[in-house]
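Reader: Before we get to the labels, can you show me what we're talking about? I'd like to know what stands behind each term.

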Amino acid sequence: MKRLYLLEYEYLKSSPATMGQFQSHDNYEIFYFHEGKGNYVIGDKIHVLTPGTLIVMHGMTLHTPKSFDGYPYVRTLLNFDPGYFRAASKHVCSVNPLEPFEKLGNHKVQLNEQDREEFEELLRKMNRLYSAVDAFSKERFRVTCLEVLFFICQVIMKPVEEDIALPSEKEQHVQHALTYIENHYMMDICLDQLEGYLHINKYYLVRLFREVTGMTMFQYISKRRINQAKILFLVEPGKSVTDICYLTGFKNLSHFSKVFKQLEGITPDQYRRQLKSQL
């Protein structure tokens, strides 16, 4: 859904989150949880979702939500091109509304009751304006989006103590596995290593990982490596496909190319040429 450079806007979406659909993108994202129960895995962190959870993301980090069976899962999502709001605020604002995304990258905050009421009213106003078709409503929608961004800046700057405790032992085990993968994805990773590091049976860990994230551990490792390859192709245009292959933990070029095409639909070389053509 693309309108006014917004790539995705969904208000009070209530369908369950698809399991295991890790994604990354060049855009910024605002995620607000209204009702229900679930987790949000962002990189090597598992964030517990409760009503009033607000998450901002810069997008390039692998991320996926996970709804819990038997519970509602109601959220609002705003996925946007930062250039749109940067251009809109450049000449009229003394504060950068994108500062949380640019400085923190990915950040979660739990809104208190007063902040929840204010933020949810802003979201309702956004939705009314987004549904309108006249030019004035489009401009008011853009202004309200900026107000949402400034609200987020103000809330995140508050000295709050975030409860980072995970609700159960199984999420803690998976959190530790994600942290290990994040620190070692560029090297060989085997289940025996994880078993020794985490002091937990490897087969039990495999089952827990799939239950919490919706995908197998080695599917996640492949996605993490390919995501890093995409980042390196973007920021290190002088490096060859072979260089990127070994920097991201693949043992040989053919396997790298096969996995890349499976996940991205094109070969690494095609992806690299595509990036260069956009410069």
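Author: Let's start with exposure: buried means under 20% relative accessible area, exposed means over 50%, and partly exposed is in between (1.4 Å probe, protein chains only). This is a predicted model, where local features need pLDDT of at least 70, side-chain atom pairs count only at pLDDT 80 or more, and totals for chains, interfaces and linings use all residues. Residues are numbered from 1 along each chain as its sequence is written, and side-chain values use heavy atoms, with hydrogens and water left out.

Reader: Why is lysine 170 called partly exposed?

Author: Lysine 170 has a relative accessible area of 29%.

Reader: What makes lysine 170 and glutamate 211 a salt bridge?

Author: The term asks for a side-chain nitrogen of Lys or Arg within 4 Å of a carboxyl oxygen of Asp or Glu. Here the closest N and O atoms are 2.5 Å apart, so the pair qualifies. Glutamate 211 sits in helix 7 (residues 202–213) and lysine 170 in helix 5 (residues 169–184), so the pair ties together parts that are 41 residues apart in sequence. Helices here are DSSP runs (H or I, at least four residues), numbered from the N terminus.

Reader: Why does arginine 207 count as partly exposed?

Author: Its relative accessibility is 48%, so arginine 207 counts as partly exposed. Glutamate 211 gets that label too, at 33%.

Reader: What makes arginine 124 and glutamate 121 a salt bridge?

Author: Their closest N and O atoms are 3.0 Å apart. Both lie in helix 3 (residues 113–131), three residues apart. Salt bridges that share partners join Glu121, Arg124 and Arg128 into one network. The structure holds 13 salt bridges.

Definitions and conventions:
Helix = DSSP H or I, 4+ residues; strand = E, 2+ residues; numbered from the N terminus.
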